[in-house]
Protein chains: 2
Amino acid sequence: MSLLVVGTVAFDAIETPFGKTDKIIGGAATYISLAASYFTSDINLVSVIGSDFPEESIDHLKSRGVNVDGLQIKEGEKSFFWSGKYHNDMNTRDTLATELNVLEHFDPVLPDSCKDADFVMLGNLTPAVQLRVIEQLTSTPKLIVLDTMNFWMDIAMDDLKNVIGKIDLLTINDEEARQLSGEYSLVKAARKIIEMGPKYLVIKKGEHGALLFHGERLFYCPAIPLEEVFDPTGAGDTFAGGFIGFLAASGDISFDNMKRAVIYGSAMASFCVGKFGTEALIGLNREDVNSRVKEFADLVHFTPVS
Amino acid sequence: MSLLVVGTVAFDAIETPFGKTDKIIGGAATYISLAASYFTSDINLVSVIGSDFPEESIDHLKSRGVNVDGLQIKEGEKSFFWSGKYHNDMNTRDTLATELNVLEHFDPVLPDSCKDADFVMLGNLTPAVQLRVIEQLTSTPKLIVLDTMNFWMDIAMDDLKNVIGKIDLLTINDEEARQLSGEYSLVKAARKIIEMGPKYLVIKKGEHGALLFHGERLFYCPAIPLEEVFDPTGAGDTFAGGFIGFLAASGDISFDNMKRAVIYGSAMASFCVGKFGTEALIGLNREDVNSRVKEFADLVHFTPVS
């Protein structure tokens with residue numbers, strides 16, 4: 001089924017304890033589209049870039065089956081740029097630079113062919129911009145997934161709550177779930193967030209895995225303990241891309257299939273953090289992915305006493 | 001099979017965001033013995049208390065099948081006392097008071113009947129005292145498990161490494177694994193710690209579950225997301241007690257059975273944190289425990305794509 005992906009396509013410059021990059025390709029929608037492309041080839045990307053963005057990166061997305069009709073290219077302007085430095089624990093980072101550039105006046109325009117998308121993935125963006133995407137839809141998607149971050153809770157909580165009220169599934173991390181709900185217990189936080197509108201909630205806990213909530217139902221996906229995390233940038237977006245790509249490919253949004261999707265998303269994220277930027281998302285194949293999924297299954301497998 | 005438990009039997013005074021206790025019964029060996037008693041009744045406790053310790057608490061242990069022949073009672077002396085206050089996140093705490101009392105000169109003496117124990121659980125204690133227990137054993141146990149904490153890494157690292165070299169399984173938390181190994185990655189930390197002697201390692205991650213390492217084999221046990229954690233005191237000891245009690249009851253130390261034991265230990269710990277002190281470990285039954293274990297299985301269950 002068709003998948004619409006809206007989010008940033010951008011440049012990142014990243015420093016971790018393992019090294020440092022120049023400007024490399026990044027942006028939420030880039031990670032989401034690349035991860036989703038391992039599951040489905042009916043992907044429509046809506047975003048904005050400047051004329052500084054390399055054509056071969058666009059061509060790479062196209063070669064992965066991503067339709068870029070909705071990708072605006074602003075002549076003479078510069079693409080969004082973010083630069084950050086991770087601390088030794090890899091869980092915290094300092095932002096060194098944020099240059100909005102083309103993102104400052106981004107008004108997403110959905111091509112007609114995307115307005116009836118079956119699955120919609122709204123990557124992290126200004127909540128008001130995420131809302132404008134939903135307003136352009138001409139039919140109700142099977143699933144709208146929204147990703148956001150604490151930044152918007154700090155400066156645009158009302159807009160965020162408004163758009164959260166119009167989606168089906170929210171993905172945030174544990175600290176953000178606590179901030180959004182005002183509850184420390186994640187069980188209580190999830191209950192409050194689900195009351196805000198979304199029927200489903202995924203709480204991402206990084207190296208500690210992810211939780212999927214739906215009503216009183218709960219699924220826990222572990223994270224594979226990794227030898228080394230080189231670069232956590234894009235891990236959350238890659239998770240979201242694998243998650244919604246897997247769902248869009250099957251068209252099945254039963255809770256059982258969502259559990260699988262959380263595992264597939266986590267598998268994609270576990271590859272992502274092993275190299276800088278999007279590097280690890282290039283050249284994987286489905287066998288690699290399936291074999292990683294089997295590792296997730298083995299990791300938690302035990303047989304209760306008979 | 002017979003289980004020897006060595007550790008503190010003590011008083012605690014605990015303050016959490018949910019309330020405050022006067023002096024209540026605590027101590028690593030108390031939690032370990034109570035948790036283990038849900039699985040096996042061949043438990044021998046070696047510890048030391050003062051004459052201030054209430055007889056009904058000893059009687060309660062006896063009623064749970066715990067043999068207290070190795071429990072020294074120092075007339076006219078006071079029992080070990082610890083007091084602490086948990087922060088709002090429940091993951092960090094301040095120690096308000098530590099009165100060693102009888103513990104200061106504790107010299108564990110194993111009754112002859114315990115010297116050939118099949119399973120040995122060394123609760124958190126001075127590493128030199130833990131070593132003196134091992135030295136008194138007259139036959140090689142099937143499994144020696146040792147629990148310790150960062151405090152001993154700070155002040156007695158050589159003694160600790162010495163005793164760690166003589167055991168089969170070490171239980172510590174993630175921060176302690178990092179401190180002991182000097183590695184941030186838990187996979188690398190585990191490899192280094194296993195090189196120090198123990199064939200098995202359990203890394204406890206509190207609300208994020210636990211990892212069991214054995215050579216290159218790895219098992220991940222989640223934690224049940226709880227509505228509320230009232231008091232984390234004794235959770236690690238309760239885990240250890242459930243773990244070794246389950247193993248001692250079956251006598252089976254295959255990796256598959258150890259995985260089950262990690263789940264049973266975690267199930268016991270999930271009860272423990274729901275009430276103050278040892279309160280939740282009184283009046284459970286095996287059906288409660290089995291039903292909680294089923295929750296662990298359900299929590300992570302998914303069916304891969306066929």
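**Exercise 1. Find the residue of strand 10 of chain A that F119(A) stands opposite, and decide how strand 9 and strand 10 of chain A pair.**

Solution. Keep in mind that this is a predicted model.
- Start at F119(A): its opposite residue in strand 10 of chain A is L143(A).
- Next, look at the pairing: strand 9 (residues 119-122) of chain A joins strand 10 of chain A through four bridges, in the parallel sense.

**Exercise 2. Work out how many residues of strand 10 of chain A are buried, and which of them lie on each face.**

Solution. 
- Take one face: L143(A), V145(A) and D147(A) are buried there.

**Exercise 3. Give the strand order of the nine-stranded sheet of chain A, and identify its edge strands.**

Solution. 
- Trace the open sheet of chain A: the order is 6-5-1-9-10-11-12-13-14, with mixed pairing.
- Now check the ends. Strand 6 (66-74) and strand 14 of chain A each have a single partner strand, so one side of each lacks a neighbour in the sheet.

**Exercise 4. Describe the pairing of strand 1 with strand 5 of chain A, and say which strands helix 2 of chain A touches.**

Solution. 
- Strand 1 (residues 3-6) and strand 5 (residues 43-50) of chain A run parallel and are joined by four bridges.
- Within this pair, N44(A) of strand 5 is the residue opposite L4(A).
- Helix 2 (residues 55-63) of chain A packs on the sheet and touches strand 5 and strand 6 of chain A, its direction making about 155° with that of strand 6.

**Exercise 5. Classify the packing of helix 1 against helix 8 of chain A.**

Solution. 
- Begin with the geometry: helix 1 (residues 28-36) and helix 8 (residues 235-250) of chain A pack at about 40°, with axes 7 Å apart.
- Helix 1 of chain A is therefore oblique to helix 8 of chain A.
- The crossing of these two helices of chain A is right-handed.
- Residues making the contact include Y31(A) and L34(A) from helix 1 and G241(A) and I244(A) from helix 8 of chain A.
- By class, this contact has eight nonpolar, five polar and one charged residues.

**Exercise 6. Characterise the side of chain A that touches chain B.**

Solution. 
- Count first: 30 residues of chain A contact 30 residues of chain B.
- Then locate them: helix 7 (186-195), strand 14 (217-221), helix 9 (255-272) and helix 10 (286-300) of chain A each supply at least two residues of this side.
- Last, sort the residues of this side of chain A: 18 are nonpolar, four polar and eight charged.

How values were computed:
Residues numbered from 1 in each chain as written. Chains lettered and ligands numbered in written order. Predicted model: local features only at pLDDT ≥ 70, side-chain atom pairs only at ≥ 80, totals over all residues. Contact = placed C-beta atoms within 7 Å. Nonpolar A, V, L, I, M, F, W, Y, C, P; charged D, E, K, R; others polar. Pairing = 2+ DSSP bridges. Axes fitted to C-alpha atoms, helices over the stretch in contact; angles between N-to-C directions. Parallel < 35°, antiparallel > 145°, perpendicular 65-115°, else oblique. Left-handed = near helix turned anticlockwise from the far one by under 90°. Buried ≥ 20, exposed ≤ 12 C-beta atoms within 10 Å, placed from the backbone.
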